[in-house]
Amino acid sequence: EIPMSIADRFQAYADDFEKSYEDDDWTRIEQYFTENAAYEGMGEKAEGRAALIAKLKGGVDGFDRNMDSRTPDFQQPTVEGSTLRMNWSVTYTKAGCPNLVISGNETAEFDGDRIALLRDDLDPAAEAAMGEWMAAHGAKLQG
């Protein structure tokens, strides 16, 4: 049996993340993370698989779900050794507001076939755009 490549494994995780976004069942992505996996992103850190998944779900619940639509665009990842890097962008729409496009880079460090460290870095321009958009339109996101 040929072991699944890191790129294939990450794609499976990304697909399952989207399914979890749709049905709010986040248990399906537990298999992709080590027990003590860490997440770093948006200036925050989560230690341990349960905290990491809670952080991902919290980010989605607090932001993405308050938008009318969310369209992710993932670039082809690059893999060096056990580290995968991928550029991404997401376009959000909200009635009465201009579209918000944020972009950045995701890094996944694998331990075997599981992610031990997941890190999201927003592009500086995207971080600025998001801050400006939130300042102007953030009040409309309050459910």
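1. Exposed means over 50% relative accessible area, buried under 20%, and partly exposed in between, with a 1.4 Å probe on protein chains only. Before going on: this is a predicted model, where local features need pLDDT of at least 70, side-chain atom pairs count only at pLDDT 80 or more, and totals for chains, interfaces and linings use all residues. Residues are numbered from 1 along each chain as its sequence is written, and side-chain values use heavy atoms, with hydrogens and water left out.

2. Helices (H or I, at least four residues) and strands (E, at least two) are DSSP runs, numbered from the N terminus.

3. Have a look at F63, in the loop between α2 (49-62) and β3 (69-74). F63 is buried, at 10% relative accessible area. Beyond its neighbours within four places in sequence, F63 has contacts (heavy atoms within 4.5 Å) that include M130 and M134.

4. There are six aromatic pairs, meaning Phe, Tyr or Trp rings (six-membered ring for Trp) with centres within 6.5 Å; planes under 30 degrees apart are stacked, over 60 edge-to-face, the rest tilted. Y13 and Y32 pair edge-to-face, 5.8 Å centre to centre with 65 degrees between the planes.
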